[in-house]
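Here is a short tour of the model, written to be read with the viewer open.

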2 protein chains.
Amino acid sequence: MAPHGSHGSSGSADDSPSARTSVDVHAARVDAALEPLRTRALESVELAHALGRVTFDDVRSPIDLPPFRNSQMDGYAVRAADVASAPVSLPVVAEVAAAAGAPAPLRPGTAVKIMTGAPVPEGADTIVPVEDTLAANDYVSISRGREAGEYIREPGSDLRAGQAIVPWRTRLASRHLAALAAAGITDVDVIDRVRIAVISTGSELVAPGEPLGPGQIPDSNGVALAAAAEAAGADVVLHARTHDDPPQLAALLDEAVALGAELILTSGGISMGDHEVVRELLEPLGAVVDVLAMQPGGPQALASWPGLEGTAAVLVVCFPGNPVSSQLSFELFVAPALREIAGLPEAGRETRVLDSAVRSITGRRQFLRGRRTDGGGVTTVAGPSSHLVAALAASDVLIVIPEDVTELAAGDSVETWEL
Amino acid sequence: MAPHGSHGSSGSADDSPSARTSVDVHAARVDAALEPLRTRALESVELAHALGRVTFDDVRSPIDLPPFRNSQMDGYAVRAADVASAPVSLPVVAEVAAAAGAPAPLRPGTAVKIMTGAPVPEGADTIVPVEDTLAANDYVSISRGREAGEYIREPGSDLRAGQAIVPWRTRLASRHLAALAAAGITDVDVIDRVRIAVISTGSELVAPGEPLGPGQIPDSNGVALAAAAEAAGADVVLHARTHDDPPQLAALLDEAVALGAELILTSGGISMGDHEVVRELLEPLGAVVDVLAMQPGGPQALASWPGLEGTAAVLVVCFPGNPVSSQLSFELFVAPALREIAGLPEAGRETRVLDSAVRSITGRRQFLRGRRTDGGGVTTVAGPSSHLVAALAASDVLIVIPEDVTELAAGDSVETWEL
């Protein structure tokens, strides 16, 4: 029983570390919200467009591989019994090229010239490679005996009809496509891509390339999140921006739903200012708006937007508007699930050695931008501010400083995340 | 001085190891032939299509980043001198939202409410975050003094106009696209993709999915090489197949040239059989046809095909027709240069521990198919035969057995190449 008036961990003052939600709590919350996206529908694609897609189910071969008994060498198909008393000379009575159709059976005491991949005549049970023979006047001389089965590829010796060529949830590489093609398969069932809409908010935003009025900046978050979603294997069905105008945002959310988006990412409009369009529109609908114990990227929100008639509401994951914050937030909260769904490897994490001292705020998990140096080192790139978009571009890792660490010296080890 | 009659390493009989060309010699030969492909032309692409492309040159920012002096926080723009004697209370005379246009200068002794990203009024030199203030009746109370410059982002503090945002030969990730967009850039000059034609040869080949007559098999090499070229960053301009018919092959080579192919890959038709279409057509034109000290993939060739009037001849790299051989040959001889041109990482190579004994032919570098096991181990997948296309699909590494090694025991270390 909780005593009256007890001071729980959420009872402290607003700016204390414990008043902020931990990164891990929010990450778990977003991950749980993303869970339904892991159930994918199938989509049939031609092999020529299947590179990098993920199999929906085991793909089974309709035929044996190889499909028929064939020669592994250019040479002569003979009966092992006929060459047991080698050296021998056998009459060459026919030739089987690849694709020559079904060859006639081999008569005892004769040889048939055969090319690599060509069907082995019935009755032949070994292939003598051409380099081990001498041919003259329609006869072939064979200098030593051979074992039955030598250089013959039996049907199904690679894979039997009905066996899986590629297991389910395999990200298709060229070698998988080769095996599918060898089995005569032209189309493969893959999981559909997660359909994502990206909406940037902010009255100061203009499309990149448009002339900048006073106080205006190009929208870079939309470009970044759309590209990051694509790199994580998703399909970006909408990429748009809105002023700090709730009806305009609502119209874009409706458009995203109409385009089939399963996940909507917004940037901006969720902090403590007076024009927070995402909060204004989505908080009355039950959005969870939160300030996390992290830097950059403190403000975060999770919401849903009504689906079309008869469909479920669509998940909206809301990032802060500062460019570094929004990119980092995507990497932290959304990218891992998308990568897993798309069969992509996790982002690399490794311990490296700081080449200079760093400071961090107590109670915040800080993500500094860094660049790897030779010999397992890492150097910080510019400062911690969340507007340093060029510095982020110049970085190749994030340096993670845990919540309880406020100072690190040159030579200390840190965890780094590959960008 | 070499004595008369000495037995050099190249003086042995045909089937001896030294009669075969070493893998490294052929690799160097192909790499030298690929050298001209490293000189790329530029292609301008929209940011939305630039993910994964490689910058042609340094991309410089036309503007300062950030482009104007702006606030890092929601709060109040003041003069540090006016809050030096804090606690103080200042009249709030205006508000600057993001995108509100150029704000009026700050009169001494007043405060202006300001949103994150909004332009800082002339005269203001510090921002007091909203959480450090109390506002009432058009006045704001500020409890402590602030340093000049605090929470103000100066123009150019991230990057100055004229500086490089992204250096040349950078493979563009989302963070680079974000920085380019932030600078108002809409299109970026990237290097063009290497244009590749893939031609499978063999009278036994039919398109995957077509009914198989006796002795026929689906063409899997074309699918595999086209996908592998795509995965290595190239653009496949032609993917075709031909019977063992030199005029038909010649017509396809002409078509490849007409489509702008800079590199043509063929499979099949270069070994010792009687219907070697690639040799028949290209050897009279000076093709280097060779047998390498490797397994699988011994036969290899390098040729060129006349270009169109006024253009250079086009390089033709010829692989053997067995599916495992052709895929391995691409990986070995062509993929490294293509990946480097496309800014992709090299295929991973690591030492692993064999979980069972293997044998290899003396004088051949053998590439066995393997699968990684936990704890740094590797297990072989099926046998060494070059027709085991499903076994290759089931593998995730190649196990490399050097030329001079004929036996390895379980527990021995081997080099593995990630597939």
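## A kinked helix

Let's begin inside one chain of this predicted model. Helix 7 of chain A bends by about 55 degrees at A:Val334, and the kink comes shortly before a proline, A:Pro336. The helix covers residues 323-341, 19 residues in total, and spans 26 Å from its first C-alpha to its last, close to the 27 Å expected at 1.5 Å a residue.

Just after helix 7 of chain A comes A:Gly343, with a positive phi of about 70 degrees. How is the helix placed in the structure? Of its 19 residues, 15 are buried, so helix 7 of chain A is largely enclosed by the rest of the structure.

The largest nonpolar core contains 93 residues, and A:Ala179, A:Leu180, B:Ile196 and B:Ile264 have the most contacts inside it. Helix 7 of chain B (residues 323-341) supplies the largest share of this core, with ten residues.

## How the chains pair

Chain A superposes on chain B through a rotation of 180 degrees with 0.0 Å of shift along its axis, at an RMSD of 0.1 Å. That is the relation of a two-fold axis.

Which surfaces do the copies use to meet? Among the interface residues of chain A, 99% are interface residues in chain B too, so the copies meet through the same surface.

Key:
Residues numbered from 1 in each chain as written. Chains lettered and ligands numbered in written order. Predicted model: local features only at pLDDT ≥ 70, side-chain atom pairs only at ≥ 80, totals over all residues. Least-squares fit on C-alpha atoms with pLDDT ≥ 70 in both. Contact = placed C-beta atoms within 7 Å. Helix = DSSP H or I, 4+ residues; strand = E, 2+ residues; numbered from the N terminus. Expected span 1.5 Å × (residues − 1). Bend = angle between axes of the 7 residues up to and from the residue. Buried ≥ 20, exposed ≤ 12 C-beta atoms within 10 Å, placed from the backbone. Core = buried A, V, L, I, M, F, W, Y, C linked by C-beta atoms within 7 Å.
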